[in-house]
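Reader: Please take me through this structure. I will ask what stands behind each label.

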Amino acid sequence: HKFRLQYVAQPISIAEISLSAPPAYRSYEDLLAEYRAKGYKNASKTIEFQAEDHVSDKNDSALHRVPNTDPRSVPYEAGYTRLNAIGDLYWEDGGQKLEWSFNVEEDGLYRIDLRVGNWFNQDLPVYRKIEIDGEVPFQEFLQYSFPYYKDWKYRSLVTESGDPYLFYFKKGLHKISMTTVLAEYAD
């Protein structure tokens, strides 16, 4: 085997190089079985927040709040431009990551519902790696597909069979992040 580094423009120092196998991820079915074994119950409360207002981290300055004139966008006020969405056309490059923080008031199982739009590449889905509290919770979230829509859609994060994914959150602060991955389009 050969491992080659090519000098491009700047000097660097390297102390160590290691090669390791990628981590193995469990399936959602395995996680759900664990939840059932522990007796976790659905939460009785709903957590709602505006994505553009709860960004706790991003890795690209191009990812910023953008205006959306759809009257169902919140906040909305006729005759005014509001920065009431995030991502949009600027969230398309591989590796771009947005992270949101939210507070959970009650331990329990929650589903994640989003208001999403993907109208840029006609009939093509986009893919995101989804992490909860800094970790990919199961294999299906390494490249989660968001289908093409001509308009905004309310959508739960769902399994291939259409059942909402459930997540156990303890009371307190949590984070969810989504990173653009090119999935079937490129390595």
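Predicted model: local features only at pLDDT ≥ 70, side-chain atom pairs only at ≥ 80, totals over all residues.

Reader: Why is Leu 5 called exposed?

Author: Its relative accessible area is 52%. Exposed means over 50%, so Leu 5 is exposed.

Reader: What makes Leu 5 part of a surface patch?

Author: Leu 5 forms a nonpolar patch with Phe 3, Ile 12, Ile 14, Ile 17 and Leu 19. Together they have about 700 Å² of accessible area. Patch residues need over 30% relative accessible area. Leu 5, at 52%, therefore passes that cut-off.

Reader: Which residues of helix 1 are buried?

Author: Tyr 28, Leu 31, Leu 32 and Tyr 35 are buried in helix 1.

Reader: How do you know that they share one side of helix 1?

Author: They cover an arc of only 100° around the axis, so they sit on the same side of helix 1. An α-helix has 3.6 residues a turn, so residues three or four places apart point the same way.

Reader: What covers these buried residues?

Author: The cover includes strand 5 (108–110) and strand 10 (167–169).

Reader: Which residues have the most contacts inside the largest nonpolar core?

Author: They are Phe 141, Leu 157, Tyr 165 and Phe 167, in a core of 30 residues. Helix 1 supplies at least two residues of this core, as does each of strand 4 (97–104), strand 5, strand 7, strand 8, strand 10 and strand 11 (172–181). In soluble globular proteins, nonpolar side chains tend to be buried together.

Reader: What does Phe 141 contact beyond its neighbours within four places in sequence?

Author: Phe 141 is in contact with Arg 128, Lys 129, Ile 130, Val 136, Leu 157, Tyr 165 and Phe 167.

Reader: What makes Asp 123 and Asp 133 worth a look?

Author: Asp 123 has a positive phi, near 70°. Phi of Asp 133 is also positive, near 50°. Most residues other than glycine have a negative phi. Asp 123 lies in the loop between strand 6 (113–116) and strand 7 (126–132). Asp 133 lies in the loop between strand 7 and strand 8 (144–146).

Reader: What makes Glu 131 and Lys 97 a salt bridge?

Author: Their side chains meet at 3.3 Å, N to O. That is within 4 Å, so the term applies. Glu 131 in strand 7 and Lys 97 in strand 4 are 34 residues apart.

Reader: Is Glu 131 buried or exposed?

Author: Its relative accessible area is 9%. Buried means under 20%, so Glu 131 is buried. Lys 97, at 27%, counts as partly exposed.

Terms used. Residues numbered from 1 in each chain as written. Heavy atoms only, no water. Patch = residues over 30% accessible without salt bridge, like charges linked within 9 Å, V, L, I, M, F, W, Y side chains within 5 Å. Areas by Shrake-Rupley, 256 points an atom, 1.4 Å probe, with all protein chains shown as cover. Buried < 20%, exposed > 50% of the residue type's maximum accessible area, 1.4 Å probe, protein only. Helix = DSSP H or I, 4+ residues; strand = E, 2+ residues; numbered from the N terminus. Arc of directions from axis to C-beta. Contact = heavy atoms within 4.5 Å. Core = buried A, V, L, I, M, F, W, Y, C linked by side-chain atoms within 4.5 Å.
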